[in-house]
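Okay, thanks for coming, everyone. Let me put the structure up and walk you through a few spots in it.

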Amino acid sequence: MNMPALYIGHGAPILLEDRWATQLADWAKDLPRPKAILIVSAHWESAPLMIGSTGGAPLIYDFGGFHPKYYNLQYSTPDATWLADELVKLMPQKAGLYQAPSRGLDHGAYIPLMAMYPNADIPVIQMSIPTRDPLELIELGRRISPLKQQGVLIIGSGFLTHGLPYISMQDPDVDAPGWSADFDSWAAEGLLSGDVNSLLDYKHAPGMNYAHPTPDHLLPMYVTLGAAENIEAGVDTKIDGFWYGLSKRSFQVT
């Protein structure tokens, strides 16, 4: 079974109360059932390359200012030791792969997974983002891409625009500010046409300074692109539009 690789916007915990959660759930229903999930979240940048718990570690509630119920969320998945073993095999000997067994999933991982696979019955491992160099992240995606043939769903979880200091969390349906719309249009053009060189030059993209004050939520996209069989073929957009003015654009590659 050959799985695709996904790039998804994960949103805040309130995503679970939004129709966006239904979009994610419907997307998951259209996919083959994964044997396991390997997810890269914008909220874990760590070098050298690391993987978190293979199961059983508490979730990380790395957000603030939300209803207390969100700090009691649980998402306990089956043991994923076998996936950790497969990852080790794919890494160059000198590169290494380190494990943080006490690090549970952060909200960039479990929030979208709760919408997509609410039964928490699929093994999950979270992997760190070891660099901010998009070329190196594409190479990392290529290195782990053989896992797709073993039924592993590879997910890069970020947010195509993430200018939180420049939006108001009052209305999820507010019109997108110009910088968010401009960046989304730039990304959509590059993604749909498979223009990798353009996508690599994100620092010069329109609206970049506002869309990504820091690039962490864009970086998982490059891991997903690297996991594609043919990046130049373009992507299959599954979700678009805006949420509180931020781009929800999410896609899959084969």
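I'll start with one leucine and then move on to the aromatic rings.

Quick housekeeping: this is a predicted model, so local features need pLDDT of at least 70 and side-chain atom pairs 80 or more, while totals for chains, interfaces and linings use all residues. Numbering runs from 1 along each chain as its sequence is written, and side-chain values use heavy atoms, with hydrogens and water left out.

So, leucine 6. You'll find leucine 6 in strand β1, residues 5-9 (strands being DSSP E runs of at least two residues, numbered from the N terminus). Leucine 6 is buried, at 0% relative accessible area; buried is under 20%, exposed over 50%, partly exposed in between, with a 1.4 Å probe and protein chains only. Leaving out residues up to four places away in sequence, its contacts include Trp27, Met116 and Phe251, where contact means heavy atoms within 4.5 Å.

Now the rings. Phe, Tyr and Trp (its six-membered ring) pair when centres lie within 6.5 Å; planes under 30 degrees apart are stacked, over 60 edge-to-face, the rest tilted. That gives 16 aromatic pairs. Take tyrosine 61 and phenylalanine 63: centres 6.3 Å apart, planes at 85 degrees, so edge-to-face. Tyrosine 61 is partly exposed at 26%, whereas phenylalanine 63 is buried at 13%. Tryptophan 243 and tyrosine 244 are edge-to-face too, with 5.0 Å between centres and planes at 75 degrees. Both tyrosine 61 and phenylalanine 63 belong to one aromatic cluster, along with Phe66, Tyr70, Tyr71 and Tyr110.

Notes. Helix = DSSP H or I, 4+ residues; strand = E, 2+ residues; numbered from the N terminus.
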